[in-house]
Amino acid sequence: MNGLHTLATATWPHPEGPGEPPALPGFSASTFNPLVAAVAELCLTRHLGAEPREPDPAAGRTGLLLASAGGDRATALAIDTAAASGRRMPALLFFQSNPNAVLGHIAARWGLAGPVVAISPREAAAPGEIPSDALELAALMLADGDADQILIIAAEQADRSGGTDHGTAVLVTSA
Amino acid sequence: MSSSAPPAARPVFTGLGVLSAFGRGLAPLLAAAGQGRTGFTEVTRFDVARRGTRRAALLPDPPPLADAVLGAVTDAWQQAGLPDRPGDTPVLLALHSDLHTGAVADAVAGGVAALGLPGVARVYTGACVAAATAVADAAALVASGRHPRVLVAAGHLVEPGVFAAFDAGRALARDGELRPFSTGRSGTLLGDAAAAVVVEADTAAERRGALPLARLAGWGRAGDAYHVCRPRPDGDGVARATRSALARAGVDPSELGYLNANGTGSPMSDLAEARALREVFGDALAELPVSSSKSVHGHALEASALLELVVTIAALDSERLPVNAGWLGPDPEIGLNLVLAGPDRPRPRYALSLNSAFGGANTALLVAAA
């Protein structure tokens, strides 16, 4: 895939696990952030073991790339609804008002200190897949030199037309 | 840290376009920045009666967001002197992630198609470093020889949801003034902006006789690995991004002539950034003019890094550096050589624009006189 070597992969929901990702402390109102955190956790656990190791020599140059065509629609809707109502906005909605926030959670937990990037591909990836846009960008970032590994996470929430939340994570390095 | 592969080309800027609270074009923005004249006014665009802070830097009658972006794109395109249907030119676009992101990107894609461009190649939604990330990627695409030029655009217009969220998160300045690095700073203020830049290979620009406005000499990115939204207190991520940009350009910290800091006016974030600068620049920091142009034009979120990059590029061509407005007096923990209203200075050969965002994302863009 685009000159990338895959170190680990994970999908959510995963066949043996629960359908719902665990709640994520500090985040509310939306399944998006727990989904991103759960699939990232599963991928990193498969590569590094059950608990974050300290220090992991590669972590300091591991970047994060979140790709979501739909983004966190539930949080966006909650923000718009709260603003329109005139009621006081829950403060947690500020903290999760952009997709970088959950990447900060993952980066802090695993010590990943490379670039932090979020994109919105024009087309949502199918369950179990990473958008080609994200793979191309990961390859560019690796070639450019600020990271040796990239954790790519694709996440989409169910929309009004149906479907289910789904996420895919791959940890890649240059082939 | 830069790649060991030699670059195929050096990226330069051949066109800039900007819309800010001061109107369309670079001249009114630079006049305000050079005088430290801020664009903040009472918000009347939507109801802020229940908000703790009620000020932002706003256009009086803003166009729809996609039209604002397309105006900046058109200006950048015309300044670059590019022909219709220039061929291989991806468009990278930075926008806020919300319920309208896809529709705005579609409208921008339709508009750029009129210039003969193939649409929007990628949409960046990574908060306050979204546009700087797009510029770094544009530089990588050009320097590696993948494309002769890339157009980067960004837009953010202040709207009620984001304003209310920032207010609820106590991120906005309670006294209605953005005071980066100053004693008494209490938070940021939002601002409208759209901006666009043409990043082009120096060889491609030379072949068509285009005069570069500046060079994009270096770029760097690094993460804090610290917290969902709080900056790492020692500024290590900012420092590593800055060192990466300087190393890529082969520029010694003492050669820098101006630094446009992230400087949101947040008590914690400004202090972390100042610590990062002390770590990178050491004794040279005492002589380095620093300001945050956000103090004049406000924080334009996903568009902020591109707006500030345009201001930073313009600083290369001026003896009057952007003023750090809102200054009340020194914070003894900060200790920066801030640009306050005062005498003209020598034109900088190199200038740096820094940005940081939620998730501990940090970017550094180093520009050089052409």
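**Entry 1. Chain A.**
I read chain A along the sequence and wrote down the pattern β-α-β-α-α-α-β-α-β-β. That gives five helices and five strands. I note that the model is predicted.

Next I looked up the overall dimensions. The radius of gyration of chain A is 16 Å, and the globule rule gives 16 Å for 175 residues, so chain A is as compact as a globular protein of that length. I also took the spans along the principal axes: the C-alpha trace of chain A covers about 50 × 35 × 35 Å.

How much of chain A is buried? I found 55% of its 175 residues in that class. Then I turned to contacts in chain A with a separation of 6 or more: 74% of them join residues 24 or more positions apart.

**Entry 2. Chain A against chain B.**
I looked up the contact between the chains. Chain A puts in 45 residues, and chain B puts in 45 residues. On the chain A side, I listed the elements that each supply at least two residues: helix 2 (73–85), helix 3 (91–95), helix 4 (100–110), strand 3 (116–119) and helix 5 (132–144). I sorted this side of chain A by class and got 26 nonpolar, twelve polar and seven charged residues.

**Entry 3. Helix 5 of chain B.**
Why do I call helix 5 (residues 160–168) of chain B largely enclosed? Eight of its nine residues are buried, so the rest of the structure largely encloses it. The buried ones are B:G161, B:V162, B:F163, B:A164, B:A165, B:F166, B:D167 and B:A168.

**Entry 4. Domains of chain B.**
I noted two domains in chain B: domain 1 (11–175 + 189–207) and domain 2 (214–369). Their C-alpha centres lie 19 Å apart. The contact between them takes 51 residues from domain 1 and 38 residues from domain 2.

Which elements of domain 1 each supply at least two residues of the side that touches domain 2? I listed strand 1 (11–20), helix 1 (26–35), strand 4 (55–57), helix 4 (130–143), strand 7 (149–156) and strand 8 (193–201) of chain B. By class, I recorded 36 nonpolar, 13 polar and two charged residues on that side of domain 1.

Note on methods
Residues numbered from 1 in each chain as written. Chains lettered and ligands numbered in written order. Predicted model: local features only at pLDDT ≥ 70, side-chain atom pairs only at ≥ 80, totals over all residues. Domains from an automatic or database assignment. Contact = placed C-beta atoms within 7 Å. Helix = DSSP H or I, 4+ residues; strand = E, 2+ residues; numbered from the N terminus. Nonpolar A, V, L, I, M, F, W, Y, C, P; charged D, E, K, R; others polar. Buried ≥ 20, exposed ≤ 12 C-beta atoms within 10 Å, placed from the backbone. Rg over C-alpha atoms; globule rule 2.2 N^0.38 Å.
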